[in-house]
Amino acid sequence: MVDGMESVAGLNQEFSRVILTLSNVLIPPDKLSPTPSMSDGLDNETEIDLRILGCEFIQTSGILLKLPQVAMATGQVLFQRFYYSKSFVKHNVEVLAMACVNLASKIEEAPRRIRDVINVFHHVKQVKCGKTIKPLILDQDYTNLKNQVIKAERRVLKELGFCVHVQHPHKIIVMYLQVLESHHNRSLVQAACLGG
């Protein structure tokens with residue numbers, strides 16, 4: 001690397017202080033353990049549970065918002081990446097999951113209103129807790145939550161250095177199916193594209 005620039009296949013690209021190369025798309029081993037949450041005293045099992053909970057929130061809300069699967073997967077990747085840089089102890093899982101859904105819907109060109117995202121999360125939380133379903137009241141608490149989601153979205157963008165492109169494996173899987181001459185099997189291709 002020379003003066004903040006790196007050569008990638010003969011192409012030098014500088015994006016402020018963010019260097020984009022194939023070597024830095026994965027999380028480096030030194031960031032995997034200890035994570036910021038572990039450094040703040042959170043045990044590994046609880047951290048894994050919070051990661052799963054956040055991804056379940058994103059998946060369930062994405063389905064209710066009728067987002068494409070790729071948007072939900074992008075939201076989950078952003079969520080995971082963020083928490084390898086910041087601690088669960090210091091950043092609210094639910095608010096950050098909402099921010100990731102909102103951001104991912106924009107990235108994948110299927111934008112949803114923040115109000116819709118908040119309403120869906122409110123509904124999912126009520127169902128998960130077994131409470132009677134009541135509509136969200138648009139009061140000062142709602143306004144505060146909306147502002148928290150907007151700030152969390154900005155925090156995700158800043159923490160990830162605005163590098164929010166996610167390369168999903170689904171397209172590669174379809175290519176392999178074509179090589180294996182299995183691309184005519186409709187259910188197999190659909191399972192590959194939907195990630196399940």
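## Helix H6

Buried residues of helix H6 are Ile114, Val117, Ile118, Val120, Phe121, Val124 and Gln126, where buried means under 20% relative accessible area, exposed over 50% and partly exposed in between, with a 1.4 Å probe and protein chains only. The model is a predicted one, in which local features need pLDDT of at least 70, side-chain atom pairs count only at pLDDT 80 or more, and totals for chains, interfaces and linings use all residues. Residues are numbered from 1 along each chain as its sequence is written, and side-chain values use heavy atoms, with hydrogens and water left out.

H6 covers residues 114-129; helices (H or I, at least four residues) and strands (E, at least two) are DSSP runs numbered from the N terminus. Its 16 residues reach 22 Å from the first C-alpha to the last, close to the 22 Å expected at 1.5 Å a residue; the expected span is 1.5 Å times one less than the number of residues. The cover over the buried residues of H6 includes helix H3 (44-64), H5 and helix H7 (140-159), contact meaning heavy atoms within 4.5 Å. After H6 comes Gly130, with a positive phi near 70°.

## Helix H4 and its surroundings

The 15 residues of H4 should span 21 Å at 1.5 Å a residue, and its end C-alpha atoms are 22 Å apart, which agrees. Buried in H4 are Ala71, Met72, Ala73, Thr74, Gly75, Gln76, Leu78, Phe79, Phe82 and Tyr83. The buried residues of H4 pack against helix H2 (36-39), H3, H5 and H7.

Gln76 is in helix H4 and is buried, with a relative accessible area of 18%. Leaving out residues up to four places away in sequence, Gln76 touches Cys55, Ile58 and Gln59.

## H4 against H5

Helix H4 (residues 69-83) packs on helix H5 (residues 93-107) at an angle of about 130°, and their axes are 8 Å apart. Axes are lines fitted to C-alpha atoms, for helices over the stretch in contact, and angles run from 0 to 180 degrees between N-to-C directions. H4 is therefore oblique to H5: angles under 35 degrees count as roughly parallel, over 145 as roughly antiparallel, 65 to 115 as roughly perpendicular and the rest as oblique.

Residues making the contact include Leu78 and Phe82 of H4 and Leu96 and Leu103 of H5. By class, the contact of H4 with H5 has 12 nonpolar residues, two polar and no charged. Ala, Val, Leu, Ile, Met, Phe, Trp, Tyr, Cys and Pro count as nonpolar, Asp, Glu, Lys and Arg as charged, and the others, Gly among them, as polar.

## H3 against H4

H3 and H4 pack at about 155°, with axes 9 Å apart, and are therefore roughly antiparallel to each other. Among the residues in contact are Glu47, Cys55 and Ile58 of H3 and Gln76, Phe79 and Tyr83 of H4. The contact of H3 with H4 divides into seven nonpolar, seven polar and two charged residues.

Glu47 lies in helix H3 and counts as buried at 2% relative accessibility. Apart from residues up to four places away in sequence, Glu47 touches Thr35, Ser37, Met38, Leu42, Tyr83 and Phe88.

## Two loop residues with positive phi

Most residues other than glycine have a negative phi. Lys66, in the loop between H3 and H4, has a positive phi near 60° and is exposed, with a relative accessible area of 70%. Glu109, in the loop between H5 and H6, has a positive phi of about 55° and is exposed at 72% relative accessible area.
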